[in-house]
Amino acid sequence: MMCDSASDEDISAEDGGSTESVRKGCDPLVSTQRSRLQQRRAKLNQQINRELRLRSGAENLYRASSNQKVKETVALELSFVNSNLQLLKEELEELNSSMNVYQTESETVSVPMIPLGLKETKEIDMTVLLQDFIGEHYSEDASLYLTEIREFMELRQAMRTPSRTEAGQELLMEYYNQLYFLDQRFFSPHRSLGIHFHWYDSLTGVPSVQRALAFEKGSVLFNIGALYTQIGARQDRSTLTGIQNAIDAFQRAAGAFLYLQENFSHAPSLDMSSPALSMLVRLMVAQVQECVCEKVILNMQDNNLNVFLQAAQEAARVSDVYSLVLQAMSVPLLKDYVPFSWISMVQVKTHHFRALAHYYTAVALCDCSGMSDEDDDEGREIKALIQVHTRRPEKLNLHDPEDKRRLGKAHLRKAIIRHEEALRLHSVCKMLRKMDILQEVLSHAHARSLEKYSDIDQEDDFCEVAEAPEIQSHTQQKPDIKTPDFSGIRVTDIFHRLGPLSLFAARNRWVRRHACLVRGEAGLGVTLRGDSPVLVAGVLPGGCAAEAGLREGDYIVAVNGADCRWAEHAEVVHALKSCTERELELDVITLQSHEVERRMNLSPAGEKECQSGSQRRAGREYERGSSSLWNWSWRSGGVTKRLGSTFSLSFGNFRESESMF
């Protein structure tokens, strides 16, 4: 369902980065290695869903039946279902561990990265439900909005198969931003729209179904992060440009997962739970740190002590952060959830980079020290050699070249031990054994340490074996977690023809009326303010506007049948003045909140009651925004914070555009 790297590049080049290309996903029928993988994952998700339903039905029958023979038969069926489920989950885990599919096609050998597969979702047809809501809530002819509904459905369909390029990210971002408008337009706090969103867990394939739009938003945001991991894994890290692109992609992936963790709660699927997201953030940070270490090694110069010591500390830093990832993967909730190949890969990298830290320290001790003739430079070298260790080497004089050689030899022994442990862990995992590139990297590093140890080993060395301290981890470039920039993708509300969002939203209730005004000698007797739509700010008592039923707080949406919901103040004024006929037909709407305030103002205590009522409404609006919806709550952020929302238009905003007739 998603193209491989070659196909993605072709799509990106063909589209040329045009705005139209953002709405296109990959061709689901293109048979590539990556698309076949996604199709197998989707098929397994459906099979797991079917087996889970069978198990649920069998368990209900077992509990409800009192017949012992029936219970025995059901118990036998349950054992078969559970066995099938276990096999399907193991097959899905193997697919999720297929890291080779997402790796770079460069011939340069580098340690593979850990990417994530995208969450799968079922196709949804919202046409009938959106049409019903438009007809009931907006009192519009729903058939006039079939084009908009079709456009939104095509956008969601394209979002299911994003290309592994920046255009694919823009597609997901655009859909995520459109969900804000969909939420405001159609998801009323007073009723459920009845749309069920089906998403599958990215690692286990277990389905989750929610009617809350926040579940859709969270799942899309997860896929934004997952797609960045695939983009990062495909970079050619043999060049500085490729390494920098990988760093940027993994930092953005970490930002997406962190944003999801901080702004969404009570996730219905385990992959979006707080422990899982915390683990993914740590994993992305570790992969960023790995790329930083690779950049230092790529720029390494021969016989430069400081550069080798910096590489040793960077490698130690990578080992430390992968140790934290391993701890996050070992919590009870995730211990049996994270694929075994991921855990094995993290363990391999922990030992591999710790071995590299000892190796580069040994090279600095044996090949790069003592090359300066000046005493000051030699003193700085000794200080650097001491500071690179977590503690000062005991019983060794670093001014003595022989002691330096002995300490370097001790570091090489530790490096060889760590390399051998990495190779052992690699051989234990079935999935890692299939990764020839990883095997080649580990074997090459091990052979290099053995060769170096052989070069400095002396047969007549009968000195006491030195103990090498651990390397002090340090990095020159700390990871910068980049929060998703939703404002970077400008979108237009697909359903903008319904009217300005501040008024024509699902949370607002209004009454639409038709008023026929007969122009008198004194004019219409009405004061107008604002734009889109124009507000009736005042009505002259006894005037023709008052006789026609116009009230303060009404919004003019049509003049003589011409729609003016998006019209500016001057346009409405011109339409009213240019009307040559004595009679003038206006369509106006009144927010129910304004109607309630008008009635309450008729009583002596109306002002006080209206104020308290407004406070209660504001409290209810706040409670709706922060409460859990179908066990999946969403705190405002991103698009919502940027676009904002108001319950009604403030009169104070229209002082500069006021007209009286």
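Predicted model: local features only at pLDDT ≥ 70, side-chain atom pairs only at ≥ 80, totals over all residues.
**Helix pairs**

Two packed helices are described by the angle between their axes and the distance between the axes. The table gives these values for two pairs.

| Pair | Residues | Axis angle | Axis distance |
|---|---|---|---|
| H5 and H6 | 146–159 and 166–186 | roughly 140° | within 10 Å |
| H8 and H9 | 240–263 and 274–298 | about 165° | 9 Å |

The axes of H5 and H6 cross at roughly 140°, so H5 is oblique to H6. This crossing of H5 and H6 is left-handed. On the H5 side, the contact is formed by Phe152, Leu155, Arg156, Ala158 and Met159. H6 contributes Leu171, Leu172, Glu174, Tyr175, Gln178, Leu179 and Leu182. Sorted by class, the residues in the contact of H5 with H6 are nine nonpolar, one polar and two charged.

For H8 and H9, the packing angle is about 165°. An angle over 145 degrees counts as roughly antiparallel, and H8 and H9 are therefore roughly antiparallel to each other. The crossing of H8 and H9 is left-handed. Their contact includes 18 nonpolar, six polar and two charged residues.

**A residue in a loop**

Val338 lies in the loop that runs between helix H11 (332–335) and helix H12 (340–368). Is Val338 buried or exposed? Val338 has a relative accessible area of 5%, so Val338 is buried. Leaving aside residues up to four places away in sequence, Val338 touches Met279, Met329 and Ile343. Ala276 is 62 residues from Val338 in sequence, while the distance between their C-alpha atoms is 8.8 Å.

**Cysteines**

A disulfide is a covalent bond between the sulfur atoms of two cysteines. How many disulfides does the model have? The count is zero. The cysteine sulfur closest to that of Cys291 belongs to Cys293. A disulfide requires the two sulfur atoms to be within 2.5 Å. The sulfur atoms of Cys291 and Cys293 are 9.9 Å apart, so they are too far from each other for a bond.

Cys516 is at 36% relative accessibility, so Cys516 counts as partly exposed.

Key: Residues numbered from 1 in each chain as written. Heavy atoms only, no water. Buried < 20%, exposed > 50% of the residue type's maximum accessible area, 1.4 Å probe, protein only. Axes fitted to C-alpha atoms, helices over the stretch in contact; angles between N-to-C directions. Helix = DSSP H or I, 4+ residues; strand = E, 2+ residues; numbered from the N terminus. Parallel < 35°, antiparallel > 145°, perpendicular 65-115°, else oblique. Left-handed = near helix turned anticlockwise from the far one by under 90°. Contact = heavy atoms within 4.5 Å. Nonpolar A, V, L, I, M, F, W, Y, C, P; charged D, E, K, R; others polar.
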